[in-house]
Amino acid sequence: MKNPPCLARRGLRFPAAVGLSLAIAFFNGPVFAAGGTTGVRLPDGSRFPESVTSDANGTLFVSSIADGGVLKVAADGAVTSQFLKPGDHGTRSTFGLLADPKRGVLWVASNDATALGAKGPTDTEGAWIKAFDVGTGVMKTSVRLPGAKALANDMALGGDGSLYVTNTFAPQILRLKPGAKEFEVFVENPVLAKGLDGIAIGGDGNLYVNTFMGGELFRIAMNQGVAGEVTQLETTRPLKFPDGLRIFKDGFLMVEGSGALSRVTVSGNAAKIEPIHQFAGPTGVTVAGDKIWVAEGQLGLMSKPVEAGSEAPSFHLRSMDAP
């Protein structure tokens with residue numbers, strides 16, 4: 001979805017921050033039953049999960065756009081602790097998470113998401129990437145994204161330990177090299193302007209990203225750490241609010257806000273999208289052992305106030321056997 005349809009027909013276009021907010025507000029996708037899966041209900045203080053990641057032991061970590069913080073969930077699905085309390089270390093709304101087993105840290109994206117209708121637990125300005133020791137929770141790194149308007153969305157790790165981050169509010173992929181104190185712009189290209197979101201490094205060594213508003217999937221050639229050609233891939237079906245993207249076997253797993261968890265296989269400039277399951281507004285996906293875990297963010301409900309006398313929505317992690 002490039003812009004909310006009723007507005008796009010009037011010829012209106014919006015900058016990234018406004019466009020993403022409108023896309024969330026206008027998206028009222030169906031809620032699918034998660035038959036064939038097991039679920040973990042998240043605490044009421046962890047609403048609208050945006051990302052889920054897992055470490056080598058299968059422990060899960062879950063972020064929250066509305067409330068901030070990071071939940072730590074045991075491999076058996078029992079919520080064990082609040083790994084990062086909302087607002088700690090100046091964090092605000094938490095987005096992308098990525099476990100880094102080599103350095104033993106959890107990377108956390110923290111943002112001022114007021115433009116998306118989420119105030120978060122603090123008044124910290126800007127977009128930040130922070131790293132926390134997985135064992136102790138001690139903060140090891142804190143780096144702000146450059147630019148007046150930025151939103152750190154998702155992350156991928158290169159073989160040399162470099163961290164690649166999608167900036168949803170600009171057509172940028174940023175890179176943080178090991179030991180660096182500042183981000184560098186790795187890729188900046190206007191074709192990536194429709195809400196960069198999911199990111200992963202494929203088995204071919206190239207970078208893959210999607211756009212939440214545009215419903216697009218791109219490959220960015222990488223050669224010895226240097227960015228090359230940006231290619232939009234032709235998908236076998238239209239994508240609707242593509243979000244979390246993770247490497248899986250000979251391709252990727254990808255979730256879409258409209259409900260789908262799919263397997264993605266790239267051949268040349270084409271991407272085969274094979275549906276696996278339907279969820280309630282999924283935003284993040286990870287693989288832990290022989291299980292796929294999906295965070296049901298249900299972002300379409302962010303703009304809907306809870307009516308008097310009705311129950312507030314609940315949020316879940318869902319797991320299923322990996323195909």
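Strand E8 (residues 127-133) pairs with E9 in the antiparallel sense over five bridges; strands are DSSP runs of at least two residues (E), helices are runs of at least four (H or I), and both are numbered from the N terminus. Two strands count as paired if DSSP finds at least two bridges between them. The model is predicted, so that local features need pLDDT of at least 70 and side-chain atom pairs count only at pLDDT 80 or more, whereas totals for chains, interfaces and linings use all residues. Residues are numbered from 1 along each chain as its sequence is written, and side-chain values use heavy atoms, with hydrogens and water left out.

**The chain as a whole**

- The protein chain has two helices and 25 strands.
- Of its 323 residues, 55% are buried (under 20% relative accessible area, with exposed meaning over 50% and partly exposed in between, for a 1.4 Å probe and protein chains only).
- Among contacts between residues at least 6 apart in sequence, 50% join residues at least 24 apart; a contact means heavy atoms within 4.5 Å.
- The accessible surface comes to about 13500 Å², and 52% of this belongs to carbon and sulfur atoms (Shrake-Rupley method with a 1.4 Å probe; for residues, only the protein chains shown count as cover).

**Nonpolar cores**

- The largest nonpolar core has 44 residues, and those with the most contacts inside it include Trp107, Ile129 and Phe183; such a core is a set of buried Ala, Val, Leu, Ile, Met, Phe, Trp, Tyr and Cys residues joined through side-chain atoms within 4.5 Å.
- Leaving out residues up to four places away in sequence, Trp107 touches several residues, among them Ile129, Ala131, Thr141 and Met155.
- Another core, of 14 residues, lies apart from it and includes Tyr164, Ile173, Phe218 and Ile220.

**Salt bridges**

- The structure holds 14 salt bridges, each defined as a side-chain nitrogen of Lys or Arg within 4 Å of a carboxyl oxygen of Asp or Glu.
- Arg41 bridges to Asp44, with the closest N and O atoms 3.6 Å apart, and Asp44 is exposed at 57% relative accessible area.
- Glu216 bridges to Lys194, with the closest N and O atoms 3.4 Å apart.
- Glu216 lies in strand E16 (residues 216-223) and Lys194 in the loop between strand E13 (184-188) and strand E14 (196-201), so the pair ties together parts that are 22 residues apart in sequence.
- Glu216 is buried at 6% relative accessible area, whereas Lys194 is partly exposed at 28%.
- Salt bridges that share partners join Arg175, Lys177 and Glu184 into one network.
- In the bridge between Arg175 and Glu184, the closest N and O atoms are 3.0 Å apart.
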